[in-house]
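Biologist: Could you walk me through reading a ligand shell and a sheet?
Modeller: Gladly, let's look together.

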Amino acid sequence: MSSARQFLLSVLPSQTGDKTDEDGARVPSVTLTFAQSLDGKIAGVAGRQLILSGSESMLMTHWMRSMHDAILVGIGTTLNDDPQLNVRLIPETLRQDVRPPRPVVLDAYMRLPTNCKLLKNYSDGKGQQPWVFCASQECSPDSESAHAERIARRSTLETAGVVVHEIPCINGTGVCLFQKLFLIFRYIGFLSIPHLLRKLYEQDIRSVMVEGGATVIKSFLNQASQPRNTETPPVVDTLIVTVAPTLVGDDGVGYKVGFPGGELNGIPKFTHVRTELMGKDTVIAGKFI
Ligand SMILES: NC(=O)C1=CN([C@@H]2O[C@H](COP(=O)(O)OP(=O)(O)OC[C@H]3O[C@@H](n4cnc5c(N)ncnc54)[C@H](O)[C@@H]3O)[C@@H](O)[C@H]2O)C=CC1
Ligand SMILES: Nc1nc(O)c(N)c(N[C@@H]2O[C@H](COP(=O)(O)O)[C@@H](O)[C@H]2O)n1
């Protein structure tokens with residue numbers, strides 16, 4: 001067995017399919033993963049895509065993709081990188097048992113371009129049919145033209161081969177009006193991650209690998225920091241970060257953790273599990289507690 005595969009099997013949770021959220025609803029296990037430079041950047045100036053991972057850790061990422069039912073990115077990454085999110089690097093002889101993962105895009109306003117690689121790969125048989133999660137009607141402006149535009153976008157995407165799922169946006173249910181207005185303003189166009197995970201489980205997704213980008217990483221780290229009762233597992237189970245021995249500089253794109261105004265405000269509790277050298281890169285895996 002390849003050493004990257006062994007590493008992953010030792011750090012990823014076994015897929016029992018019995019994970020539940022705070023309200024007892026079934027949800028998939030979540031792995032958050034990305035590659036960063038020594039100075040904590042995930043992309044170059046103005047978001048330019050950087051190949052940070054060397055061949056060994058990139059192969060590990062493809063093995064990781066093969067061990068998850070779905071690979072999720074935000075629309076920012078899709079527009080910027082035009083990613084494929086499939087399993088290409090595993091040697092042909094070992095690929096027979098690999099089930100291609102489902103590409104999933106968080107895309108509140110259905111901006112996914114119909115000429116993207118995800119759709120091209122699907123039509124060429126090189127990837128699964130992509131799913132877009134968009135904002136449900138109640139999160140969208142309530143005007144006739146906005147309604148018509150939503151229907152038109154959905155129809156364009158579906159005709160191009162996308163499966164569109166509607167879920168609510170972050171709306172501050174259960175908080176006071178002031179906080180609610182703050183949340184709606186701050187997270188405009190952000191989909192509710194608890195609703196996303198439930199919907200994914202309903203669609204037979206038992207494990208999801210979240211690849212980024214910066215905004216999505218912050219959202220999932222924030223979810224991992226949410227207070228919960230002791231029996232409920234964290235929303236994000238595993239964090240696997242590839243650290244490349246390179247510096248990008250202050251103009252590169254980093255990711256943020258937590259919120260100002262409190263030492264541990266929004267910073268999830270994390271415990272180290274294993275570190276492995278893969279070629280030039282260091283791959284660090286840990287769990288949230
Ligand atoms: N080094 C690495 O491993 C990776 C680097 N990247 C880089 O990240 C950059 C893209 O990052 P971003 O622009 O921040 O885009 P992103 O991929 O994080 O997408 C963010 C967008 O997704 C939508 N969204 C809907 N619901 C959301 C939610 N609950 N939470 C967060 N976003 C939600 C919003 O429109 C939001 O603006 C690119 O430069 C790309 O190259 C992306 C993935 C991995
Ligand atoms: N593991 C890893 N290392 C890097 O150096 C990266 N830039 C990324 N980026 C992620 O992979 C997506 C591209 O995937 P495809 O090769 O097109 O399948 C990119 O959009 C990021 O999500 N990851």
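Biologist: Which element gives the largest share of the shell around ligand 1?
Modeller: Helices (H or I, at least four residues) and strands (E, at least two) are DSSP runs, numbered from the N terminus. Here α3 gives the largest share, 5 residues. This is a predicted model: local features need pLDDT of at least 70, side-chain atom pairs count only at pLDDT 80 or more, and totals for chains, interfaces and linings use all residues. Residues are numbered from 1 along each chain as its sequence is written, while chains are lettered from A and ligands numbered from 1 in the order in which they are written.

Biologist: How many residues surround ligand 1?
Modeller: A residue is near a molecule if its C-beta atom, placed from the backbone, lies within 6 Å of it. Ligand 1 has 28 residues around it, with A43, G74, G76, G212 and G213 the closest. Elements that each supply at least two shell residues include β3 (70-74), α3 (75-81) and α8 (214-224).

Biologist: In what order do the strands of the open sheet run?
Modeller: Two strands pair if DSSP finds at least two bridges between them. The 9 strands follow the order β6-β5-β4-β3-β7-β1-β8-β11-β10, with mixed pairing. The edges are β6 (163-167) and β10 (270-278), each pairing on one side only.

Biologist: In what sense do β3 and β4 pair?
Modeller: β3 and β4 (residues 102-106) pair in the parallel sense, over 5 bridges. Within β4, V105 is the bridge partner of V73.
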